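Me: I would like to go through this structure by question and answer, with the cut-offs stated as we go. Please take the contacts and charged pairs with care.

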Protein chains: 2
Amino acid sequence: MENNLFVYNTLSREKELFEPFHPPHVGMYVCGPTVYGDAHLGHARPAIAFDLIFRYLKHKGYKVRYVRNITDVGHLENDADEGEDKIAKKARLEQLEPMEVVQHYTNRYHRDMDLLNVLPPSIEPRASGHIIEQIAIIEHILQNGFAYIVNGSVYFDVEKYNRKYPYGILSGRKIEELLSTTRELDKQDEKRNSIDFALWKKADPEHIMRWQSPWSEGFPGWHLECTAMGKKYLGEPFDIHGGGLDLMFPHHECEIAQSKAVNGTSPVRYWLHNNMITIEGQKMGKSLGNFITLEELFSGQHPKLEKAYSPMNIRFFILQAHYRSPLDFSNAALQAAEKGLKKLLEAGNTLQKIPSGNNSTSDIKALITNLYQAMDDDFNSPIAISHLFEAVRIINSVNDGKESLTKEDLGLLKTTYNEFVYNILGLKSETESGQDNNLVEGLMELIIEIRKESRIKKEWATSDLIRDKLSALRIQLKDGKEGTTWNTD
Amino acid sequence: MENNLFVYNTLSREKELFEPFHPPHVGMYVCGPTVYGDAHLGHARPAIAFDLIFRYLKHKGYKVRYVRNITDVGHLENDADEGEDKIAKKARLEQLEPMEVVQHYTNRYHRDMDLLNVLPPSIEPRASGHIIEQIAIIEHILQNGFAYIVNGSVYFDVEKYNRKYPYGILSGRKIEELLSTTRELDKQDEKRNSIDFALWKKADPEHIMRWQSPWSEGFPGWHLECTAMGKKYLGEPFDIHGGGLDLMFPHHECEIAQSKAVNGTSPVRYWLHNNMITIEGQKMGKSLGNFITLEELFSGQHPKLEKAYSPMNIRFFILQAHYRSPLDFSNAALQAAEKGLKKLLEAGNTLQKIPSGNNSTSDIKALITNLYQAMDDDFNSPIAISHLFEAVRIINSVNDGKESLTKEDLGLLKTTYNEFVYNILGLKSETESGQDNNLVEGLMELIIEIRKESRIKKEWATSDLIRDKLSALRIQLKDGKEGTTWNTD
């Protein structure tokens, strides 16, 4: 296999020929979700971007070990190592054991990823399951003099590190600028310097998630888990580290610093970052409160949504932008994607039944070359999709008798079209049950509205009828502040 | 709620009134799979048995924290603490990282459990994620003098323990008999006594799964993980510990010894054990090579299978035996279960449409009492199912016009039948689109009835709302002599 694959490396700001350390093996680590809430559009994008890359690398013949973690501890409310652990906070609110929250949202994340046809990673390690490995790294960093202990917590000494290794090589930030732009330290702050970051935090007495360590009962800093789990499952250095652009700084920058502080080695050859999804131009995220969960998208239950959008609709919408380009959410864009997807899948069905002819009126081999060139150019799915639409045009013309393809070309087209649409882009036909779900959603909306009216008018016979019938259909209604929701058991 | 629930406690060999430590909370720990191969019938049984118990406890109003672990380390080839780690062996054969094997089979286990309609546990901890907690327990046991260190490994001293606490209280075995029946130690054996068991094993140089500990780089003994994770997520003591009868000795016996050796406390109030599935009278298990995987059952691809058996068929087959009774596999038994399940689900559909009468010819309240009495008697699902078949007879008789039920009794029967069949036994109709169609049919019936009522009462706002919303969903209603029908365009 000739190697023509170029990937954009954030570290060099260039497209580089992809050369893994131990071909045909490829090690890829991608930052996974912090499981304290439902997955939203902003989670779908990295999952789908790196699913595309995982699928294409496998298609090229690489044996990919793909590690995507579950962050179940240590991610604080803000990234300045303060505030409350996100998972512990949710746990207290719901009176649950933190791991119960973790399990609940991990299960839901898996369900959403399955619906989006995102392949499971080869290994899905949990941060809380790798405390020993994280402690060992901290011990190494302390031994090498790049960290200091204050009151049972351990902090990474960025300034000292920067004297030996340049800090900021991934993000392009300079330590002098960082120092001048970050806020002054409070008197209470344990850090020597505002740009230092926590490797280990001593737990407050009320903190539930805690482990014994040489420094205190506490918990690891957020940046450490990826360093520990990447190294454990992929070795050091490994080939690809992926994640959202919002993680480049400080998270990935700190990962590099942690690894180099242990043994002077840069942990990763290729750093790949997907761009963000914006919603009407604004960043979408849990902390901004403007996010739309995947479940809301699939059901259409959100004020910003004109209708329900199926998982494949969302997947195609995301694939229609290059992973490094920003992508703005709108109903119009999703509906355009829905139409495009329908065309692509319909042509896939047509392709199976069109007859071959004596000559070819289109250059199928050139089309195939174009498809591979697009994907080899840093996984450029929108360009690949535009070539697939050219294939759709050819397929429909042959079907209409306006063009023809030889048996050989038709065979090639079938193989390539199927491979690109179903395996590499990971699209699939959504069955009637998907439509039924929309229908059920619509009928339930109507019933909930009638119930509301009948209660206002005190027509108890109607609301009783609804209650009994829904109960027989095993549907539960739940009245909340934001209206009535329903679920089946 | 009156508490009439009795559970058979292996510890006392008696049915005891179920009294949780902190009602309405119940803590339940069940030994989960060792993920080094596909799940087979022998995995389905404990999963379904404790799913039934989980569902019934929740139905009774308990808030159940259900912990079921994933054993991903430390389970050796045989139970005498020798041989190779089961997962590491598989990994070497397939040239995979052990955690890749773990992830692969964990994903497949989850898929099979979903198909069997086994609810996910509240927390699903992995043994490898709790090494710190296991090390802490070993340190405690050593401090208390119930373990000894040999060449970097740590063993539990059963004889010394037995001088303070009786060993064998769960299985009823006596230490004298165990000593006389277990094999003599080799000269190379590190144990002082053949009945001692490993708490920590020093890893051989080729062993991949290893962690740093105060004694050696190694891995924990198998019995330890459940002690650590049960204590961590459910506290000590907790209410219910479940598992297969094959785990009672030595696994659960050792769990009790480990907990008592730490603080003198018995870790669990109620020990529940499901009996085994035999195949033509023989124990089924990975090591015996006569197992049928769930995937093979679902697809019919196994020499012993006459046909494919659906997940619900398997579930119902298992529920038709009491969880403490042995259950023998045969094609005839599975096919009988298939017929029974069909009857039960069909009667469930019939029940939704039968009319009420002026009197009741059957005693529905007595039937309901019988259902609860069966389940309250140590979760006796076969007896409960026999009462459901009595309900099937009544439903079909009413449908045939041979019996009648008052509106109140019909309502009671509907609620109870649905609750027992779908929620407690966890059965469901398997034609997925069929189910959705049933749901759409049911919702449309309700909407048509509301429309009829609103027209009679001249509430035009409601009937207009229905017309507009259905029109938006592209549903047409047609009023005819025999009532209103509907279709989509």
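Contacts and charged pairs

Me: Which residues does B:Glu295 touch, not counting residues up to four places away in sequence?
Reply: Contact here means heavy atoms within 4.5 Å. Under that rule, and with residues up to four places away in sequence not counted, B:Glu295 touches B:Asp38, B:Arg108 and B:Arg111.

Me: What should I know about the model and its numbering before going on?
Reply: This is a predicted model, in which local features need pLDDT of at least 70 and side-chain atom pairs count only at pLDDT 80 or more, while totals for chains, interfaces and linings use all residues. Residues are numbered from 1 along each chain as its sequence is written, chains are lettered from A and ligands numbered from 1 in the order in which they are written, and side-chain values use heavy atoms, with hydrogens and water left out.

Me: At what distance does a polar contact join the side chains of B:Glu295 and B:Arg108?
Reply: B:Glu295 is found in helix 9 (residues 294–299) of chain B, where helices (H or I, at least four residues) and strands (E, at least two) are DSSP runs numbered from the N terminus. A polar contact is a pair of N or O atoms within 3.5 Å, where within protein one must be able to donate a hydrogen and the other to accept it, and residues adjacent in sequence count only if both atoms are side-chain atoms. For the side chains of B:Glu295 and B:Arg108, the polar contact is 2.8 Å.

Me: Which residues of chain A are joined into one network by salt bridges that share partners?
Reply: A salt bridge is a side-chain nitrogen of Lys or Arg within 4 Å of a carboxyl oxygen of Asp or Glu. One such pair is A:Arg108 and A:Glu295 (2.8 Å, N to O), which links helix 3 and helix 9 of chain A across 187 residues. In chain B, B:Arg210 forms a salt bridge with B:Glu217, with the closest N and O atoms 2.7 Å apart. Salt bridges that share partners form one network of A:Asp38, A:Arg108, A:Arg111, A:Asp112 and A:Glu295.

Me: Is A:Asp378 buried or exposed?
Reply: A:Asp378 forms a salt bridge with A:Arg324, the closest N and O atoms being 2.7 Å apart. A:Arg324 lies in the loop between helix 10 (311–319) and strand 13 and A:Asp378 in the loop between helix 12 (364–376) and helix 13 (381–399) of chain A, so the pair ties together parts 54 residues apart in sequence. Buried means under 20% relative accessible area, exposed over 50% and partly exposed in between (1.4 Å probe, protein chains only). A:Arg324, at 25%, counts as partly exposed, whereas A:Asp378, at 0%, counts as buried.

Me: How many salt bridges does the rule find across the interface of chain A and chain B?
Reply: At this interface, 49 residues of chain A are in contact with 51 residues of chain B. The side chains of B:Arg65 and A:Glu100 meet in a salt bridge (2.6 Å, N to O). Across the interface of chain A and chain B, the rule finds four salt bridges.

Me: Which backbone oxygen does the side chain of A:Asn117 reach?
Reply: A:Asn117 is found in the loop between helix 3 and helix 4 of chain A. The side chain of A:Asn117 reaches, at 2.9 Å, the backbone oxygen of A:Gly426.
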